[in-house]
Amino acid sequence: MCSKKLRWLLFGLLGLQASSLRAQTGELDKYNIVWNSQSHNSGESMPCGGGDVGLNVWVENGDLLIYLAQSGAFDENNTLLKLGRVRVKLFPNPFAGKTFKQELVLRDGNIVITGTNNTKITVWVDIFNPTVHIEIKSAKLISAKAAYESWRYRDRIMKGRENNQSSWKFGAPPNTVTYADTISYHGKNSVQFYHRNRDSTIFDATVRQQGIQSVKAGMYNPLSELISGGELCGDDNMVVAQKTSDGIYNGTDYRSWQIQSRKPGTEFHIDAFLLIAKAKTVGDWQTALFHKQHGPLSHVPYDKTKEANITYWHHYWDKSFICINPDDANPADSVWQAGRNYQLFRYMLGCNAYGSSPTKFNGGLFTYDPVFVNKDYAYTPDFRNWGGGLMTAQNQRLVYFPMLKNGDWDMMKPQFDFYLKSLHNAELRSRVYWNHAGASFTEQIENFGLPNYAEYGTKRPAGFDKGVEYNNWLEYEWDTVFQFCLMMLDVERYTGKDISHYIPLIESCLTFYDEHYQYLAKQRGESPLDENGKLKLYPGSAAETYKVTNNSTTTIAALQGTLTRLLALPDHYLSKEKKEHWTQMLTRIPPISFREFDGHKTIAPAQKWERINNTEPAELYAVFPWHLYGVGKPDLQTAINTWQYDTDAIKFRSFIGWKQDNIFAADMGLTKEAAELTILKMKDSGRRFPAFWGPGFDWAPDHNWGGSGMIGLQEMLLQTDNRKIYLFPAWPKDWAVHFKLHAPYNTTIEAVLKNGKVQSLKVTPVERIKDVINLLK
């Protein structure tokens, strides 16, 4: 969301009273995370944030420590950088004794830490103007010292697997460098820090590698002229220390810049103003940062700004929730944990509601020192496996699908815009390599729309098609973009909001398939269509698993689903000619293939394939996300047969990471299986913060683990088929629940289930109650 829209949102919330917005306050407060002892390291940190800022907050050896992260802080290598670490020390130390409490207060979106002498520290983030606030209050006089700590005070060479934090990954040139930031004291009571990308970045190397220099000048480049940083400021009772000190934290050396109180006091206020922006010069960026600190929003009284932020979070919690066994809060019960962790993870997603970049599946904004994820990864806090600016759609989709039923449609914009910004580059790929139209989005693409440098292949055979990744896992996997097209279409169906600006993207992705597969057939000397007038979808891919496919089920389901939904839009979206064009393409999509196991008809992953590479039951993508099969739909038994008898589907089944078997089970109405798998996903992570799952197949905290768990719970409670609303399609009767979820056509469902009976049901608007079908068994 642009700063202007956020400003209007702030002014709108200023007129509301936070105390009047109760959300499901009693139920939600039971989900607050409370620690009565300090943490041992950053791996035991607690998330906090808002807008586009994420913090890891913990107290260790009496010091308050905070990792700063902001959406879009990409360096030359496309690493998503932390913006640094803040350390706060108080004298005398209120955390030196036995009195200690750290609490994530969900309904207010902040963290409160208390110690002796009624000392209280409140950490919160201003959603409307990216600023981290640290409020310190004490009943007795104390002194305060705040330090900005950076491991990027010097250039650092990435070694071996450390390159996985960047877009170079395993293809990195020797001695690839994470360049130093510029850090200095600024004024009487602040430290300014920033990373300015150099002129040459991974974008330039990727364009050169992939042979599209001829169109480089017109390409979207998110890394050029990018400056990421901010300023740590103390209040008027604080001054800079005018010196630096060096130290080591968890094996990584750092330098520290300090501000400290001039005299003891009972209150201190420390702020970190953050800014990521493109700027021609550092001076331009500094001017923009000054405006952030002293612009229109700075004139809103502090208490009013804080109240507006609290009101924002109250609205957020009132919008949607799932509370399981709310009257029997038992933190040891994995069923109760699932409901709590659902809310915790939704909080984490809400911390990047308005980022310039999507919430990354491999840690979001909440990664921490990697040695506490894998002891062999003794790298800096900038590290995460699977890169920073790199996006794997198969993972990302699971982060964003749950936002539909949560009613968090505004939070989906960063992910949609990821594709919209890269559309032109993807279309240039098709034009340069094959001289036809359409957007070619591969799997594992950069934030500029091209295949990842390493995954594209650094040792490609001579003459190999430049448009194809030379990669056993990713070759010919073009169809993942359609799941995001589906989400865009779903936003229109859920809300009625105008999605005209996304229609060119959807149409371009469809055009690619229509033109590219006819082009390939002609290149083989064949007719562009088969004897039945259908596209020959060869070579293709069914997820990353079934490779070199003929008529992949994931692709057919995606094309059928996207075309059908596009044609179902209100009339003003498509001209008569466009409707005829897309209707004709729909007739060219081949049917899904089937096979048998022990005499049972099942969905096949493709008509044919050459090998199996991964462990995704691609045949069940016809169930989710494409909903060609499911509760209330024809031939559901074929999908259930696939679940029960397909030996690949059985062998691949799991709850770990991005596995979505819990969702498949829910969408087929398999209550027992859905419940078991979803609980395994959503129970406590085993880390101190219960929703820091992972690493799974990726990294911690694993956001596609949490996202797939959220979707499973939602689908167990509520499924829709156009205007039909199925209530409790896969929900155990003995699980009490209070939930509020969203359905298409501006519909909200709130229900309470107790003792196996629906105690209350509120459908808004009320006339939609006729479309509700209660399937509780």
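Me: How many helices and strands does the protein chain have?
Reply: This is a predicted model, where local features need pLDDT of at least 70, side-chain atom pairs count only at pLDDT 80 or more, and totals for chains, interfaces and linings use all residues. Residues are numbered from 1 along each chain as its sequence is written, and side-chain values use heavy atoms, with hydrogens and water left out. Helices (H or I, at least four residues) and strands (E, at least two) are DSSP runs, numbered from the N terminus. The chain has 19 helices and 30 strands.

Me: What distance separates the end C-alpha atoms of helix H5?
Reply: The expected span is 1.5 Å times one less than the number of residues. For the 18 residues of H5 (302-319) that should be 26 Å, and the distance agrees: 26 Å.

Me: Is Asn435 buried or exposed?
Reply: Asn435 sits in the loop between helix H9 (413-434) and helix H10 (453-456), with a positive phi of about 60° although it isn't a glycine. Buried means under 20% relative accessible area, exposed over 50%, partly exposed in between (1.4 Å probe, protein chains only). At 58% relative accessibility, Asn435 counts as exposed.
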